[in-house]
Every structure is written in structure tokens, then in C-alpha cells.
Amino acid sequence: MYFRSQKKSSSDVSLSEYIETGKDGGALSLMDVVCTEEDLFEDISNRQLHDQLRDLMRRCLTEREEQILRLRYGIDLPHPLPQREVAKQCGISRSYVSRIEKKALEKLQTELNRGL
């Protein structure tokens with residue numbers, strides 16, 4: 001909306017220009033809203049690593065192992081779940097979740113070491 005209201009000077013934008021007042025009463029500039037190059041690079045790098053991890057999981061883990069790791073570590077989920085919740089969702093005991101998780105992580109580690 002800010003850019004629409006500034007049609008005359010839409011090609012002249014300063015990152016330090018104040019666009020509104022923040023909730024705390026302080027002035028909010030474009031610099032505060034826009035991420036830095038380092039943030040962007042880190043986001044891209046993280047996405048690539050997550051894609052590689054998902055691919056590796058699909059290739060070397062069973063469906064159940066993959067499901068348990070996704071739930072335990074919050075892969076493609078808002079947050080990781082404790083063993084108790086994973087056990088409840090999968091209909092198995094917490095100790096069995098722990099054993100499957102350990103075995104799956106060992107498989108992933110072996111595959112990663114092969115790739116190095």
C-alpha cells in the first residue's frame with residue numbers, strides 16, 4: 001500500500017525511509033522489513049539441505065522410519081513432537097519409537113558417509 005500511495009516516486013525508494021510507526025511507537029523503515037542478503041542466502045541454503053535430507057530419507061528409510069523421523073524432528077511440520085506423541089500417533093510404545101528412530105538415524109549416517 002505504501003508503494004501505491006507513492007506512485008510519483010515509485011522508482012525512487014530508500015531503504016532507510018520510514019513507512020509507518022511500529023507497535024512500540026518507533027518508526028518502521030523498509031530496512032526493518034526487508035531481509036538482508038545473508039538471510040536470503042541462508043534461507044536458500046537451508047531449503048537445499050532440507051530437500052537433500054528429504055530425498056535421502058525417501059531413498060534409504062522405510063515408510064515407518066521416515067514417518068517417525070518427520071514427527072520427531074518436525075520435518076515439514078510446525079514443530080517436533082515428543083516420543084510420547086509420536087508413539088500415540090503411530091500406535092506403538094515409546095521405547096519402540098526410540099529404537100526405530102535410532103536405527104533410522106544410523107541408516108542416514110551410513111548413507112551420508114558413503115556420499116563423502
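**Reading the chain**

Reply: Start with the elements. The protein chain has six helices and two strands. Both are DSSP runs, numbered from the N terminus: helices are H or I with at least four residues, strands are E with at least two. This is a predicted model, where local features need pLDDT of at least 70, side-chain atom pairs count only at pLDDT 80 or more, and totals for chains, interfaces and linings use all residues. Residues are numbered from 1 along each chain as its sequence is written, and side-chain values use heavy atoms, with hydrogens and water left out.

Me: In what pattern do the elements follow along the sequence?

Reply: The pattern is α-β-β-α-α-α-α-α.

Me: What share of the residues is buried?

Reply: Buried means under 20% relative accessible area, exposed over 50%, and partly exposed in between (1.4 Å probe, protein chains only). Here, buried residues make up 22% of the 116 residues.

Me: Which residues make up the largest nonpolar core?

Reply: In soluble globular proteins, nonpolar side chains tend to be buried together. A nonpolar core is a set of buried Ala, Val, Leu, Ile, Met, Phe, Trp, Tyr and Cys residues joined through side-chain atoms within 4.5 Å. The largest one here has nine residues: I68, L71, L81, V86, A87, C90, I92, V97 and I100. Helix 4 (63-73), helix 5 (83-90) and helix 6 (94-115) each give two or more residues to this core. Helix 5 gives the most, with three. Another core lies apart from it, with eight residues, including L56, M57, C60 and I75.

Me: Where do the buried residues of helix 5 lie?

Reply: V86, A87 and C90 are buried in helix 5. Seen down the helix axis, they fall within an arc of 100 degrees, so they line one face. The arc is that of the directions from the helix axis to the C-beta atoms. K88 and Q89, on the other side of helix 5, are exposed. Helix 4 and helix 6 are among what covers the buried residues.

Me: How do helix 5 and helix 6 cross?

Reply: Two packed helices are described by the angle between their axes and the distance between the axes. Axes are lines fitted to C-alpha atoms, for helices over the stretch in contact, and angles run from 0 to 180 degrees between N-to-C directions. The axes of helix 5 and helix 6 come within 8 Å and cross at roughly 100 degrees. That makes the two helices roughly perpendicular, a label for angles of 65 to 115 degrees.

Me: Which residues meet there?

Reply: Contact means heavy atoms within 4.5 Å. Q83, R84, V86 and A87 in helix 5 meet R94, V97, S98 and E101 in helix 6.

Terms used: Parallel < 35°, antiparallel > 145°, perpendicular 65-115°, else oblique.
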